[in-house]
Amino acid sequence: MKKDILVGNNVYWVGYVDDRKVPFHRLVLEKGTTYNSYLLKTEKPTIIDTVDISFGREYVENLKEYINLEEIKYIVINHVEPDHSGALPVLASKAKNAVIVATELGVQELKEMYKLHNREFLIVKDGDVLDIGAKTLRFYETPYLHTEETMITYAVEDKTLYPCDIFSTHVATYDLFDDLAKEDIMADFEVYYKLIMDPHRNYVKEMINKIKNIDIEIIAPSHGYILRSSAKRYIDSYDDMSQASSTNRKAAVIYSTMTGNTKKLANHTMDILSDKGIETTIINVKEESDVEKAKEAVNNSDIIFFGSSTRYGDMVGKIEEVLKDLKDMDLSSKTGVAFGSYGWSGEAVEIIYDYLKASTIQVLDSSNIIKATGMNDVQAPIRVKFILDEDVNKFKKSVDAIGELLIR
Ligand code: FEO
């Protein structure tokens with residue numbers, strides 16, 4: 001049954017309880033969920049996040065019971081996915097004086113999604129503060145938790161963190177505080193982490209570093225329970241889960257290079273994987289003797305990066321001799337990635353990809369990565385034009401994301 005939920009001094013939960021079986025990331029949430037939206041009723045009344053796009057009208061009607069919508073000064077959108085920003089268009093149409101607050105990318109996305117080009121926006125960056133009258137909000141950018149534009153909002157005087165999806169659980173209830181839950185919520189809390197946050201574990205670590213010295217008494221996320229029994233317990237849990245051991249998995253980086261650019265990429269790959277605790281072998285396949293060493297490394301590794309420069313539309317060096325033999329090896333438990341530097345068209349990377357597809361190895365490509373992580377800017381196969389800084393940075397980002405994915 002709906003009832004008023006007071007989160008803190010002049011802070012009201014104004015969200016929506018969705019007790020359907022809710023489709024979510026190709027699962028069905030059997031216990032439903034909530035879309036938590038908060039009203040901070042200060043001199044400059046502020047909304048933090050809205051609710052799912054399906055419930056915009058009910059949301060706005062309910063909100064009118066708490067405030068004259070034209071008095072709303074700010075609408076903070078921590079995360080643009082439509083289960084939190086979906087009610088923004090209908091809210092903004094009534095809250096005519098409100099400024100919409102988001103990260104730079106968030107603002108771009110909101111303008112495009114909801115055709116809000118004529119609204120006033122405020123772009124905030126890491127550490128920016130906003131005085132809303134008797135309360136101060138501070139913002140922290142938390143990219144990829146779980147989409148790129150995401151941020152969290154901290155209400156300084158209230159010692160309350162509004163982290164949107166981070167620290168969420170899925171349950172449909174109006175008994176929304178963790179100390180009112182009828183059962184231990186940790187299992188649901190951890191399942192949520194595994195599904196949504198764990199693919200971005202490195203970013204979880206960055207987020208923890210940003211908030212670890214903040215005095216937090218309440219965590220008010222965007223789904224499920226508001227966590228007030230012990231914020232530290234939940235933050236520590238994320239900290240522990242994000243440290244998950246990087247395993248005893250082994251990797252190999254097997255490549256041939258023309259002028260040394262693909263060699264640089266191979267070395268970056270080895271460094272990034274080694275930093276994750278993955279024992280990594282690197283082999284430049286130049287001589288006949290390197291071919292056997294490379295095949296042995298393939299047999300001994302779980303993750304294999306195969307790279308070549310492109311010359312005259314083809315691979316260089318002896319790597320093709322390794323690739324030709326893959327079809328006769330049982331590689332079904334292994335994952336392969338193609339990469340390489342090129343000057344014009346980069347055919348070698350595509351040919352490597354074809355060889356991998358023709359073997360039993362599980363070939364990682366952008367499609368797999370998007371489905372596993374939601375990151376659409378991670379490239380695989382990974383192609384780098386010459387050795388341009390911008391492309392190399394993208395390359396490193398892609399190897400990092402692939403490494404995280406493969407050690408889960
Ligand atoms: Fe709850 Fe990423 O949306």
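1. Helix H9 runs over residues 288–300, which makes 13 residues, and spans 19 Å from its first C-alpha to its last, close to the 18 Å expected at 1.5 Å a residue. The model is predicted, and side-chain atom pairs were counted only at pLDDT 80 or more.

2. Six positions of H9 are buried: Asp290, Val291, Ala294, Lys295, Ala297 and Val298. They lie on the same side of the helix, because the arc they cover around the axis is only 160 degrees. An α-helix has 3.6 residues a turn, so residues three or four places apart point the same way. The packing partners of the buried residues of H9 are strand S17 (250–256), strand S18 (279–284), strand S19 (303–308) and helix H10 (319–325).

3. Helix H5 (residues 186–197) can be described in the same terms. Its buried residues are Met186, Phe189, Tyr192, Tyr193, Ile196 and Met197. These cover an arc of only 125 degrees around the axis, and therefore sit on the same side of H5. Ala187 and Val191, on the other side of H5, are exposed. The buried residues pack against strand S4 (22–24), helix H6 (201–211) and helix H7 (231–242).

4. Salt bridges come next. The count is 27. Side chains of opposite charge can pair when their charged atoms come close. One of the bridges joins the side chains of arginine 20 and aspartate 18, at 2.7 Å from N to O. Arginine 20 is partly exposed, with a relative accessible area of 41%.

5. A second bridge is formed by the side chains of aspartate 198 and lysine 194, with an N to O distance of 3.9 Å. The cut-off for a salt bridge is 4 Å. Aspartate 198 counts as buried at 4% relative accessibility, while lysine 194 counts as partly exposed at 44%.

6. The side chains of glutamate 350 and arginine 383 also meet in a salt bridge, at 2.8 Å from N to O. This pair links distant parts of the chain, 33 residues apart: glutamate 350 belongs to helix H11 (residues 347–357) and arginine 383 to strand S22 (residues 382–385). Glutamate 350 counts as partly exposed at 33% relative accessibility, and arginine 383 counts as partly exposed at 22%.

7. The bridge between aspartate 198 and lysine 194 was given in point 5.

8. The side chain of glutamate 404 makes a polar contact of 2.7 Å with the side chain of lysine 276. Leaving aside residues up to four places away in sequence, glutamate 404 touches Arg201, Asn202 and Lys276.

9. Five strands make up an open sheet with mixed pairing, in the order S12-S13-S14-S15-S16. The edge strands, each pairing on one side only, are strand S12 (129–131) and strand S16 (218–219). Strands of a sheet pair through backbone hydrogen bonds, either parallel or antiparallel. Strand S13 (residues 136–141) pairs with strand S14 (residues 151–155) in the antiparallel sense, over five bridges. Methionine 151 in S14 is the bridge partner of glutamate 141.

10. A last point concerns a loop residue. Leucine 116 is placed in the loop between helix H4 (104–114) and strand S11 (121–123). Is leucine 116 buried or exposed? At 9% relative accessibility, leucine 116 counts as buried. Its contacts, not counting residues up to four places away in sequence, are Leu88, Ile100, Leu110, Lys111 and Phe121. For one of these, isoleucine 100, the C-alpha atom is separated from that of leucine 116 by 9.9 Å, and the two residues are 16 apart along the chain.

Conventions
Residues numbered from 1 in each chain as written. Predicted model: local features only at pLDDT ≥ 70, side-chain atom pairs only at ≥ 80, totals over all residues. Heavy atoms only, no water. Polar contact = N/O pair within 3.5 Å; in protein donor to acceptor, adjacent residues only side chain to side chain. Contact = heavy atoms within 4.5 Å. Buried < 20%, exposed > 50% of the residue type's maximum accessible area, 1.4 Å probe, protein only. Helix = DSSP H or I, 4+ residues; strand = E, 2+ residues; numbered from the N terminus. Arc of directions from axis to C-beta. Pairing = 2+ DSSP bridges. Expected span 1.5 Å × (residues − 1).
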